[in-house]
Amino acid sequence: MRLWEFPDQYVIEPTDGSNGSSLAVSRVDGSMSLIEKLPESSSVRVPKIRTIFGVAGVLKLVAGSYLMVITERETVGSYLGHPIYKVSSFKVFPCDHSLRNSPADQKKMETEFSALLNIAERTPGLYFSYEANLTLSSQRLNDLGGESKELPLWRQAEPRFLWNNYMLENLIDNKLDPYLLPIVQGSYHHFQAAIGKDIIDVTLIARRCTRRNGTRMWRRGADSDGYVANFVETEQIMHLNGFTASFVQVRGSIPLLWDQIVDLTYKPKFEIVRLEEAPRVVERHFLDLRKKYGAVLAVDLVNTHGGEGRLSEKFANAMQHIVSDDLRYWHFDFHHICGHVHFERLSILYEQIVDFLDRNGYLLLNEKGEKMKEQLGVVRTNCIDCLDRTNVTQSMIGRNMLECQLRRLGIFAAEETISSHPNLDECFKILWADHGDDVSIQYSGTPALKGDFVRCGQRTMQGMVKDGINALLRYYYNNFCDGTKQDAIDLLQGHYIVSVSKDMTVPSQKKGLEAVASFPLALSFVLTGFFFATLSLRQVRYDLRHLFFSFLWAGLSVGIAAFVRANGRIFCNRPRLHKPRS
């Protein structure tokens with residue numbers, strides 16, 4: 001596609017040889033229409049032309065609209081024979097000429113909101129395809145009826161995995177089907193390896209749910225509808241000798257109403273909100289999972305002690321009322337059993353859940369695309385973040401299921417494993433490690449911890465040092481960056497809808513003590529106080545009065561530090577569009 005920048009409109013021209021109509025987007029108010037030919041341009045102002053690869057959508061703010069397009073892409077592989085692309089670069093084009101005649105308060109609000117779109121341009125892990133429906137697993141695509149397969153991709157798409165669902169609404173309302181491009185946030189990696197004379201192709205796809213999307217500390221637990229934070233569907237697909245096998249797992253935060261609000265401490269306390277609603281929220285969450293996946297095994301990896309233990313206890317109590325033949329709950333204290341280095345002990349967990357995996361299986365299609373076997377249930381794994389412990393556990397389950405599939409096809413003998421094929425083993429480890437890093441970066445801002453075990457098969461000193469650095473980076477992002485990032489996500493996903501009303505206030509407007517609270521300023525006062533306290537202390541031998549000044553400066557520093565510690569929340573970067581539940 002080509003995007004033409006005219007003074008009064010943007011025009012998107014198809015370049016696929018279809019001779020289709022061009023899309024015109026007004027730069028005044030973002031209104032859209034199809035036009036048969038390009039407008040004539042004056043010789044004085046020649047329109048700027050750039051190549052684009054798709055329209056992500058249009059976002060309406062206070063007075064203007066903003067057109068989001070894909071300006072760079074990278075081919076990463078294929079899905080069911082169709083090319084898959086990763087978004088390398090986004091660009092936002094403002095359609096806000098009408099803002100010139102808007103009141104000052106609207107202009108101020110527009111500036112605040114549009115600044116969040118700069119963060120949106122850096123959204124990681126976005127994938128799309130022009131022909132394949134990335135929002136559906138192989139099994140769900142196989143089950144689609146003939147009529148459904150004939151529908152445009154956006155009509156086939158699973159809304160919860162459609163990253164730009166909200167931004168496409170204006171294009172849908174204007175019936176602009178040729179320009180509707182479904183985008184998924186998640187991960188895509190694949191490899192090919194030889195097993196003797198056979199070539200195996202393994203793909204790992206992650207699909208992130210948008211219902212409760214967000215950052216690590218500002219999106220915890222579930223909402224009142226049962227949608228959980230960091231819910232990701234992971235599909236492992238294997239192609240070999242014309243056969244296709246697919247195995248799906250899911251992860252998601254503990255489905256209770258709970259928060260962990262940052263307050264400058266390394267590990268903020270867990271806060272369970274409206275505990276009386278826990279049974280209803282848990283039931284609603286698992287009812288939705290059973291409708292979509294069949295039987296469910298909930299594997300809970302959190303600690304049995306401390307704040308994690310209290311959360312796990314409430315989760316287990318809520319599950320007691322709804323467990324059944326096709327809904328099971330299994331607690332496995334990952335840190336107690338595996339410690340920080342003995343992750344091979346996850347084999348204990350596998351032995352405990354293998355009956356569920358055998359009974360519910362995986363999808364298997366023969367050379368003709370006929371279904372030989374189907375997956376009847378799903379393993380739902382959680383820890384606290386649903387990142388590090390979860391990824392190690394899911395990679396273990398994925399490894400065992402791939403071995404089962406290879407035995408079913410007669411490629412592996414009864415006792416043969418992936419580990420007995422070094423090249424396949426290395427590729428599989430890298431596949432899952434990269435997958436874990438992608439999912440983690442989207443939620444926490446850093447690659448996954450414990451990734452050295454997934455990548456190398458054992459804990460290494462280099463990996464533990466890297467984990468320490470990433471843990472500190474997570475602390476920094478959580479406390480000083482993620483509030484604004486959460487606002488950008490809420491704006492893009494339609495969780496916060498901008499409206500013009502008489503009682504408009506700037507969403508980022510701080511009140512009271514929060515208006516003057518600044519952690520860098522407070523830190524500079526503390527360090528300055530200790531600096532002068534040290535200088536005064538050195539002068540005590542010449543004049544005892546300096547001892548008083550030394551205590552005075554030290555006292556001021558300690559007092560400021562104690563105040564910051566007691567009021568840590570107001571010194572953190574907090575979301576402005578949605579207030580925390582507690």
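**View 1. The exposed face of helix α13.** Turned away from the buried side of α13, one face of this helix carries the exposed residues M461, Q462 and L472. Exposed means over 50% relative accessible area, buried under 20%, and partly exposed in between, with a 1.4 Å probe and protein chains only. Helices are DSSP runs (H or I, at least four residues), numbered from the N terminus. The model is predicted: local features need pLDDT of at least 70, side-chain atom pairs count only at pLDDT 80 or more, and totals for chains, interfaces and linings use all residues. Residues are numbered from 1 along each chain as its sequence is written, and side-chain values use heavy atoms, with hydrogens and water left out.

**View 2. The buried face of helix α13.** The buried residues of α13 are G463, D467, N470, A471, R474, N478 and N479. They line one face of the helix, because they fall within an arc of 155° when seen down its axis; the arc is that of the directions from the helix axis to the C-beta atoms. Among the elements covering these residues are α10 (388-408), α11 (422-444), α12 (451-456) and α14 (482-493), where contact means heavy atoms within 4.5 Å.

**View 3. A nonpolar surface patch.** F531, F532, L535, F548, F549, L552, W553 and L556 make a nonpolar patch of about 740 Å². Such patches join nonpolar side chains (Val, Leu, Ile, Met, Phe, Trp, Tyr) within 5 Å, from residues with over 30% relative accessible area and no salt bridge. Helices α15 (519-538) and α16 (545-566) each supply at least two of the patch residues, and the largest share, 5 residues, comes from α16. L552 lies in α16 and counts as partly exposed because its relative accessibility is 40%.

Conventions: Patch = residues over 30% accessible without salt bridge, like charges linked within 9 Å, V, L, I, M, F, W, Y side chains within 5 Å. Areas by Shrake-Rupley, 256 points an atom, 1.4 Å probe, with all protein chains shown as cover. Salt bridge = Lys/Arg side-chain N within 4 Å of Asp/Glu carboxyl O.
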